[in-house]
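Please keep the sequence and the structure in view while reading.

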Amino acid sequence: MDRKKFGRRLQQVRMEQHLTGEQFAEKADLSVTYIRQIEGGKRVPSFTTFVKMLNVLECSADYLLAGTVAASQDIVLDELSAKLKRLSPERLAEVTTVIDAMLSYME
């Protein structure tokens, strides 16, 4: 694993979620210094710490480790698509409204 690339991807995902280093560290129950060391490519987290970070960021492990998203995400999207197709037009409109609201909240 390339530590610097891993650290940059971690920082990118954190920033995309509008989390400061301090906020991320607090949510992951880690020190800010440790997060900076990981993001700077100076340290590699333990497996337990890695899982904590994934849970906070709700991010795929393969993206952080290798910069790719596994086919498993495609499977989840296919399953979601199949469920959405079973909804009535009215319910689908409600789900779309909720998703739009969530996305605008994240911006």
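With a relative accessible area of 42%, glutamate 22 is partly exposed; buried means under 20% relative accessible area, exposed over 50%, and partly exposed in between (1.4 Å probe, protein chains only). Glutamate 22 forms a salt bridge with arginine 36, and their closest N and O atoms are 3.2 Å apart. The pair joins distant parts of the chain, glutamate 22 being in helix α2 and arginine 36 in helix α3, 14 residues apart. Arginine 36 counts as exposed, at 52% relative accessibility.

A salt bridge is a side-chain nitrogen of Lys or Arg within 4 Å of a carboxyl oxygen of Asp or Glu. Helices (H or I, at least four residues) are DSSP runs, numbered from the N terminus.

## Basis of the model

The model is predicted: local features need pLDDT of at least 70, side-chain atom pairs count only at pLDDT 80 or more, and totals for chains, interfaces and linings use all residues. Residues are numbered from 1 along each chain as its sequence is written, and side-chain values use heavy atoms, leaving out hydrogens and water.

## The buried face of α3

In helix α3 (residues 32-39), the buried residues are Tyr34, Ile35, Ile38 and Glu39. Viewed down the axis of α3, they fall within an arc of 135° (taken from the directions from the helix axis to the C-beta atoms), so they line one face of the helix.

## A buried bridge

Glutamate 39 and arginine 14 meet through their side chains in a salt bridge (2.7 Å, N to O). Both glutamate 39 and arginine 14 are buried.

Note on methods
Helix = DSSP H or I, 4+ residues; strand = E, 2+ residues; numbered from the N terminus.
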